[in-house]
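Welcome! Open your viewer, keep the selection panel handy, and follow along one stop at a time.

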Amino acid sequence: MSAAHAEVASGTRIKGIYAHLDCLLAGIEKLKEAGISGFQVLSPLPRHEILEAVYEGRPSPVRWWTLVGGITGINTGLLLTSLTASQWPMINPGGKPVVALPPYAVIMFECTILFGALFTLAGLIVHCGLPGFGLDKSLQDPRVSDDKFGIAFLRASAKDLERIAAILSDTGAIEITRGDDTIYEVPNA
Amino acid sequence: MHESIDANRPDSYAAANRDIIRVLLKPNLGWAVLFIIATSMMLYGFWCEFQQLTWGLGIAGYNPPIMWGVYIVTFVFWVGIGHAGTLISAILFLVRSRWRTGVYRASEGMTVFAVMTALLFPVLHLGRAWQVYWFFPYPNQRYLWVNFKSPLMWDVFAISTYFTVSAVFFFIGLVPDLAVVRDHSTGLVKKIYAVLALGWHGTDRQWYHYMGAYGFFAALAAPLVLSVHSVVSWDFAMAVTAGWHSTIFPPYFVAGAIFSGCAMVITLLLPMTYAFKWHAYVNMWHFEHLAKMCLLTSGILTYAYGVEYFIGWYSQNAYEWGIFSWRATGEYAWAFWIMVFCNCVAPLPWYFRKVRTNPWALFIISIFVNIGMWFERFNIVISSLAHQFDPATHAYYRISPIEYGIMIGSFGWFGFWFLLFLQTLPAIAIAEIKEMIAPPVRGAAHVEAK
């Protein structure tokens with residue numbers, strides 16, 4: 001392990017809680033301007049401003065799961081119908097060809113949707129890290145499912161800690177915790 | 001009741017949380033009475049099915065050649081009911097329609113439970129329910145595979161795909177809201193909701209992929225909902241039976257499904273809104289939109305009914321014209337005219353705003369629509385089989401007491417799950433309601449609600 005990696009691995013948790021969306025967005029921008037990365041934003045709802053600020057318009061890779069699922073599904077539908085019919089070609093209901101694409105298109109369509117949805121679910125689970133029961137406790141803040149926002153660093157390096165705390169407080173965080181200690185709090189916020 | 005989505009909206013995310021989850025796990029007397037009634041109906045249905053399993057299909061009212069009866073009628077009815085939920089949750093999501101927000105979760109729940117109910121009927125119709133696995137392609141030593149060229153096999157794939165995708169879509173939508181319930185509960189209840197919420201904590205990573213995936217679920221569910229009832233219609237339209245063999249069946253069935261589904265959403269949501277005092281989230285603005293959807297689809301159905309008669313007359317086909325004239329004047333004319341009244345005439349007062357914003361008028365007309373749509377399927381299924389090409393085979397079908405019992409049981413089964421859902425899961429989508437509320441801001445920056 002390199003020295004830099006060792007420092008990150010042994011870093012300190014620091015989290016700022018915000019009561020206002022504009023303050024949170026200012027905090028994200030200031031952190032990015034300061035070249036500090038590795039933070040997670042906590043939010044009670046999906047706000048496009050937050051996702052835009054963090055991911056800068058990059059689409060989620062879940063879409064590739066959907067595409068692969070759809071392609072897998074249509075091929076599964078085609079193979080399932082064609083191969084099963086070919087296994088005993090003597091049975092020819094309705095006088096149709098053994099491999100009759102128009103009626104099989106219905107099964108292929110349904111399989112496309114089914115596999116597309118199941119692969120999307122798998123992609124969601126993988127990329128979201130669900131089930132997320134082992135998430136760091138600084139990310140588990142019940143206030144966030146209510147009406148607060150947050151910026152959390154799981155492992156901030158020692159040299160960044162002071163800068164991060166300053167940015168969080170300057171941009172309107174109502175509470176800052178470092179490790180398990182509250183180092184800054186706005187009363188009655 | 002307020003007439004705008006903005007009226008009486010809560011001013012904070014916390015208030016929305018409180019309002020929506022306060023009703024969970026707190027059954028009141030009205031809920032308990034309805035739950036007991038639904039459970040009793042369901043148990044009676046189970047008893048009737050037990051009788052049928054014991055004595056065989058002979059105790060159902062089948063009378064050759066009428067070998068599709070109430071089970072198929074009710075199957076199509078419940079599949080149709082499910083359609084409005086997916087329409088509201090998926091299609092209206094894709095077109096960013098704002099009125100879906102308050103009503104989509106309950107509609108999605110209705111979809112999942114309606115399809116669960118529909119799935120029972122092919123099994124009941126089998127008689128030998130233990131052979132249900134014959135529906136599915138499974139490897140066997142006889143190389144005896146299912147016939148994928150049959151519309152009945154298309155139906156198996158369509159309905160099972162529809163149920164799976166609807167259930168996934170429903171559950172994924174629930175996850176962030178289950179986290180809210182988890183964070184507002186204690187003890188064992190908290191532990192249960194924590195498991196159901198899958199460790200959701202609202203991180204940017206979770207929201208980012210969630211929003212990406214949700215759009216794809218909606219994009220997949222939208223064509224699915226249109227295909228499912230088209231496939232159901234092909235169960236009939238692919239058969240060379242007068243009154244069934246028609247190319248207008250897919251759009252006609254899809255319109256009918258949306259019509260009955262939207263009416264069922266009104267029937268279920270209207271009392272729920274009053275009982276839970278959810279006027280800030282679901283109000284006349286939503287019900288008016290649902291009534292307009294019903295009006296549109298009622299118009300399409302009325303047109304389709306007319307076109308069927310026109311085709312029968314214009315084709316000069318004696319069998320086609322024979323079945324349609326018999327439907328309106330023969331032994332099942334009573335069912336035909338109930339259908340026409342309930343589906344074509346009863347919704348007409350909704351053209352008047354005063355009527356479609358009156359809770360009692362909405363509720364009563366929606367019940368008429370539900371009845372009319374069941375009779376539409378009765379007309380299609382029974383009358384065509386009762387009056388086939390050879391007059392020597394003409395027959396009459398009477399619904400047997402066991403079939404009545406199983407049909408009543410299906411309503412009990414649906415009610416049982418829906419009522420359980422109302423008490424255990426947020427019936428209004430909390431995260432999406434929050435998107436309608438202006439976010440808290442401190443500075444001069446003005447941030448709009450979505």
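This is a predicted model: local features need pLDDT of at least 70, side-chain atom pairs count only at pLDDT 80 or more; totals for chains, interfaces and linings use all residues.

At what angle do helix 3 of chain A and helix 7 of chain B pack, and how far apart are their axes? Select residues 48-55 of chain A and residues 204-237 of chain B: the angle is about 105°, and the axes are 10 Å apart. Here axes are lines fitted to C-alpha atoms, for helices over the stretch in contact, and angles run from 0 to 180 degrees between N-to-C directions. Helices are DSSP runs of H or I with at least four residues, strands are DSSP runs of E with at least two, and both are numbered from the N terminus. The two helices are therefore roughly perpendicular to each other, a label for angles of 65 to 115 degrees.

Now show side chains. On the chain A helix, pick L51(A), V54(A) and Y55(A); on the chain B helix, pick D204(B), R205(B), W207(B), Y208(B) and M211(B). These residues make the contact, meaning heavy atoms within 4.5 Å.

Residues are numbered from 1 along each chain as its sequence is written, chains are lettered from A and ligands numbered from 1 in the order in which they are written, and side-chain values use heavy atoms, with hydrogens and water left out.

Next, colour the two chains separately and view the whole interface. In it, 64 residues of chain B are in contact with 71 residues of chain A. About 5800 Å² is buried between the chains, with carbon and sulfur atoms giving 70% of that area. Buried area is the accessible area (1.4 Å probe) that two parts lose on being put together, summed over both. Highlight K149(B), D204(B) and Y208(B): they supply 15% of the area that chain B buries against chain A, more than any other three residues.

How many salt bridges are there between chain B and chain A? The count is 0, although a search over all chains finds 16. A salt bridge is a side-chain nitrogen of Lys or Arg within 4 Å of a carboxyl oxygen of Asp or Glu. To see one, select R178(A) and E162(A), whose side chains meet at 3.0 Å, N to O. R178(A) sits in strand 4 (residues 175-178) and E162(A) in helix 7 (residues 158-170) of chain A, 16 residues apart.

Stay in chain A and find the cis peptide bond between L130(A) and P131(A), with omega about -5°. P131(A) lies in the loop between helix 5 (101-128) and helix 6 (142-146). Chain B has a cis peptide bond too, joining P64(B) and P65(B), with omega about 5°. Look for P65(B) in the loop between helix 2 (29-55) and helix 3 (70-94) of chain B.

For the last stop, select helix 10 (residues 318-329) and helix 11 (residues 333-345) of chain B, whose axes come within 5 Å and cross at roughly 85°. R327(B), A328(B) and T329(B) of helix 10 meet A333(B), F336(B) and W337(B) of helix 11. That contact divides into 4 nonpolar, 1 polar and 1 charged.

Key. Ala, Val, Leu, Ile, Met, Phe, Trp, Tyr, Cys and Pro count as nonpolar, Asp, Glu, Lys and Arg as charged, and the others, Gly among them, as polar. Angles under 35 degrees count as roughly parallel, over 145 as roughly antiparallel, 65 to 115 as roughly perpendicular and the rest as oblique.
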